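Take a look at the model below and then read on.

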Amino acid sequence: MIVFNEVVKQYPGGYTALAGVSFEIRHGELAVLSGHSGAGKSTLLKLIAAIERPTSGSVSINGQNVSALRPRAIPYLRRNLGLVLQEHRLLYDRSVDDNVMLPLVITGHPPRDAAKRVAAALERVGLSGRGREMPAGLSGGEQQRVAIARAIVNRPSILIADEPTAHLDVAYANEIASLFKSFNAAGVTVLVSTHDERLFAQHSPRRLVLHKGLLQGAGA
Amino acid sequence: MSNWFYLHGRAFMQALRRLASQPLGTLLSALVVGIALSLPAAGYLLIDNVASLARGVSGTPEISVFMSQDASAEDIAAAEKRLRGDAQLAGYRHVTKDEALRQLEKGGLGDVLGGLTANPLPDAFIVTPRGEDPALYDSLHARFAAWPGVAHVQLDSAWVKRLHALLGLGRSAVLLLAGLLGFALVIVTFNTIRLQILTQRHEIDVSRLLGATDPFIRRPFYWFGSLQGLLGGCVALATVWATVHALGGPVASLAETYGAVFALTGPGPHESAAILGFAAFLGWLGSAISVRRHLAERLT
């Protein structure tokens with residue numbers, strides 16, 4: 001469960017990205033966060049992953065107050081989140097397998113078990129048998145799939161994606177949207193930010209619309 | 001615990017791969033570290049060799065206690081009794097006046113001594129102290145001189161003092177050199193790790209986003225610094241051994257001209273382990289400071 005309670009985020013210089021946002025996403029929900037560029041979507045997702053701290057208010061994940069976490073505890077929070085970031089953030093000098101395996105290496109999974117999980121994750125995103133390839137040799141959509149496989153390989157209970165369909169053509173973007181729906185169908189709480197909520201419309205998601213740092217709608 | 005070993009093993013292998021991936025850079029760094037370390041290491045060995053050479057050439061320092069001509073047999077016996085029970089002495093030898101005279105006669109002074117009506121030589125004790133501390137020699141000298149019947153105590157400790165002073169100076173110089181060069185090595189490693197962190201900034205940021213802890217990120221850099229130091233230590237050892245090998249023959253020939261048998265000795269197992277350990281420690285220290293400095297800023 002993700003709970004925002006009167007969250008304000010101001011950046012140095014006085015820019016207010018979020019101006020008092022409150023909402024709740026229950027376990028197993030699929031929520032789509034939309035809004036124009038600069039509406040505060042990325043800031044909201046960064047607050048969930050403790051990449052940013054709120055200026056006031058609180059953010060809770062599964063009952064844990066993220067805003068009050070000590071720096072040492074933050075990595076353990078992130079291990080329970082699946083993060084898909086803008087620009088993929090892949091390691092281009094590593095193979096697809098190595099990229100997807102990174103979260104498992106971080107958590108110290110035994111190599112044999114990790115290899116099985118990587119293969120399963122790649123199969124889930126439709127990249128079975130492509131593990132030895134380098135990311136630079138893949139298309140934009142395939143690279144995004146690798147990033148998604150990396151996000152789900154640790155079997156997180158919450159999956160967060162920041163503009164996962166940006167820079168993709170419609171066909172690829174629809175495939176990625178279907179993938180997120182399939183994860184949600186498997187019981188994963190999914191929060192996706194997008195500039196084009198029509199992509200997810202057919203999956204009947206919960207809609208969160210941000211406008212100038214304020215939430216406009218909190219239900220589907 | 002097994003996970004801890006696994007993560008360290010992985011970090012160790014990662015550091016090895018990074019070293020192997022840039023062989024020229026690794027070689028140059030190892031040479032810089034090795035050559036810098038070989039100077040104090042060679043200096044230490046030089047002092048060690050000089051100390052053993054000095055001991056070999058000059059023998060063990062002794063104190064000669066000469067009794068007076070009119071010392072009674074009781075005085076001589078009392079002095080010998082005191083020497084026998086003294087824990088600060090490694091040994092002593094009593095040279096009676098008759099024995100001293102015979103030695104002089106054997107030495108070719110028979111004609112001169114033949115003209116004397118009485119033996120002019122006194123009884124004497126040749127005393128070997130336990131240890132080479134100049135202060136011990138001074139205190140023994142003062143104590144022997146106060147005994148009844150003792151006419152003169154001859155203490156040849158000047159060379160001991162000079163040797164100690166020289167060796168002390170040499171050791172201080174080596175320590176100073178080791179400190180300065182050690183500091184330089186820490187800076188070299190600091191800079192190498194700084195560059196490594198810069199080139200791996202993206203990977204570090206991604207790892208943090210995926211839940212990597214600070215120890216997870218730091219471990220490979222610690223191993224990298226320690227391994228680089230260790231490689232430098234190996235180069236230093238090789239340099240010292242090569243020097244010993246190259247100079248061993250000429251030094252032995254030089255010693256032979258003075259009638260001495262002397263061979264340069266290289267670092268033993270303990271010295272070798274100390275050099276390697278010191279080098280690895282310096283590498284670790286440089287990487288630890290660099291990592292603390294350059295990984296301190298948090299991801300935003």
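The lining of the second largest cavity is made up of 6 nonpolar, 2 polar and 3 charged residues. This is a predicted model, and the space in this cavity comes to about 70 Å³. Residues of both chains line the second largest cavity, among them Arg78(A), Leu83(A), Asn154(A), Leu209(B) and Leu210(B). In chain A, α2 (74-79), β6 (81-84) and α5 (140-152) each give at least two residues to this lining. Its largest share, 3 residues, belongs to β6(A).

How many cavities of 30 Å³ or more does a search of the whole structure find? The search finds 5. Here are two of them side by side:

| Cavity | Volume | Largest share of the lining |
|---|---|---|
| Largest cavity | about 100 Å³ | α8(B), 4 residues |
| Second largest cavity | about 70 Å³ | β6(A), 3 residues |

The lining of the largest cavity includes Leu102(A), Arg10(B), Glu203(B), Phe216(B) and Pro220(B). Two or more lining residues come from each of α1 (2-21), α7 (201-209) and α8 of chain B. By type, the lining has 6 nonpolar, 3 polar and 3 charged residues.

Now let us follow helix α8 of chain B itself. Helix α8(B) has 44 residues (residues 214-257), so at 1.5 Å a residue it should span 64 Å. The C-alpha atoms at its ends are 63 Å apart, which agrees. Where does α8(B) bend by about 40°? The bend is at Gly248(B), and the proline Pro250(B) follows within four residues.

Terms used:
Residues numbered from 1 in each chain as written. Chains lettered and ligands numbered in written order. Predicted model: local features only at pLDDT ≥ 70, side-chain atom pairs only at ≥ 80, totals over all residues. Heavy atoms only, no water. Expected span 1.5 Å × (residues − 1). Bend = angle between axes of the 7 residues up to and from the residue. 1 Å grid on protein atoms, 1.4 Å probe; cavity = no way out; pocket = protein on both sides within 12 Å on 5 of 7 lines; lining within 4 Å. Points joined across faces, edges and corners; volume = space filled by probe spheres on them. Nonpolar A, V, L, I, M, F, W, Y, C, P; charged D, E, K, R; others polar.
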